[in-house]
Amino acid sequence: MTYKARGASVRMWWEGRSGAEDVRRGAMRVSITVNGLDIEASYRDEDIEGVFKPLVRHWSAAQRRLGGRYIVFMSAPPGSGKTTLSLCLAQLSHDMDGCVPIQAIGMDGYHYPNAYLDSHTYVEDSETITLRSRKGASFTYDVAGLRAKLADARGEHPTPWPEYSRVLHDAVPDAMEITGDILLVEGNYFQIGEGAWAGIGELADETVYISAPMGLLRDRLVGRKLKGGSTQEEAEAWFERSDDKNVRRVLGGHVPADIELALGEDGGYTLTKGTELLVGDPHYERGAKGQRGHPLRPASPWSQLSDSN
């Protein structure tokens, strides 16, 4: 199975399946090429069948009830694999019968340009540093621009979305067309609930938060730098200077999400909130007529606009 989106090529296949009679045993392997960067992941069969597919079906049903574009935020700390997971969920939506295709996009296109980061400073631990030296922190994003683009995505003909290039190490404006009826937007800071990010979850129909163990994230982030050509010393220094602070910011406290997942040391996922999805969601099916989104959260601020049109 191959899926192309966000400047990425996604290939998925099953290991440990000998044929149609063995269709529910094995592990899903995912290989992604994003702007020349190769990423590989493996997902347990129980996660695919018990967590990922129920999520895809849930969002498909919600979008059909809404009738317009359904926006989901997926928030997780750096190194948690949220980009790979979002593309995996998009691929599943294309492969599963009767599901609404998901378009997976990231918030990284809203990094401030490098020129801006180089010319602006920030005081941290009594030291004045350039924003570039903390690139990826919550304050190095153009959150106002992101909010405006999310509002625009509600329209029938939204303007293109920016994308972050791993080759240029900079944002590329207007790189992606918004076409999906379900928009899965992944990023680090949607649930931190402070500063420019406060209240941004109200622009989504549904929110997802993924927690992960600190040790696993450290290993992955250091490994990512090593794969990019850094020495062990350089990779560990960058983690201590930047990644560690960003991870702790996301894990240190978050606004409750509609659905919450926990990533384990073994790479497996546990659904810790929204567990009714595991066995179906009869309460959702009985939800108030015309209400958008998850039955356990208030209607989004866009519901009145939708109902009046």
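Setting aside neighbours within four places in sequence, Trp59 is in contact with Tyr70, Val72, Leu89, Ile102, Ile182, Leu184, Glu206, Val208 and Ile259. As a general point, nonpolar side chains in soluble globular proteins tend to be buried together.

## The chain as a whole

Stepping back, the protein chain contains 8 helices and 14 strands. Of its 309 residues, 50% are buried. Among contacts between residues at least 6 apart in sequence, 67% join residues at least 24 apart. The accessible surface of the chain is about 14,200 Å², and carbon and sulfur atoms account for 51% of that area.

## A closer look at helix 5

Does the length of helix 5 fit its residue count, or depart from it? Helix 5 (residues 214–227) has 14 residues, so at 1.5 Å a residue it should span 20 Å; the end C-alpha atoms are 20 Å apart, which agrees.

The buried residues of helix 5 are Leu216, Leu217, Leu221 and Val222. These buried residues pack against helix 6 (232–251) and strand 13 (259–263). After helix 5 comes Gly229, which has a positive phi, near 110°.

## Cysteines

Are Cys88 and Cys99 buried or exposed? Cys88 counts as buried because its relative accessibility is 0%, and Cys99 also counts as buried, at 13%. The structure holds 0 disulfides.

How confident is the prediction along the protein chain? The average pLDDT is 82, and 78% of the residues score at least 70. Confidence is highest in strand 5 (residues 70–75), at a mean of 98, and lowest in helix 8 (residues 303–308), at 33.

Two stretches call for some care. Residues 1–6 have pLDDT below 50, and the model gives this stretch 31 contacts beyond near neighbours in sequence. Over residues 281–309 the pLDDT stays under 50, with 49 contacts beyond four places in sequence in the model. Where pLDDT is low, the predicted coordinates should not be read in detail.

Note on methods:
Residues are numbered from 1 along each chain as its sequence is written. This is a predicted model: local features need pLDDT of at least 70, side-chain atom pairs count only at pLDDT 80 or more; totals for chains, interfaces and linings use all residues. Side-chain values use heavy atoms; hydrogens and water are left out. A disulfide is a pair of cysteine sulfur atoms within 2.5 Å. Buried means under 20% relative accessible area, exposed over 50%, partly exposed in between (1.4 Å probe, protein chains only). Helices (H or I, at least four residues) and strands (E, at least two) are DSSP runs, numbered from the N terminus. Contact means heavy atoms within 4.5 Å. Accessible areas come from the Shrake-Rupley method with a 1.4 Å probe; for residues, only the protein chains shown count as cover. pLDDT is the predictor's confidence in each residue, from 0 to 100. The expected span of a helix is 1.5 Å times one less than its number of residues.
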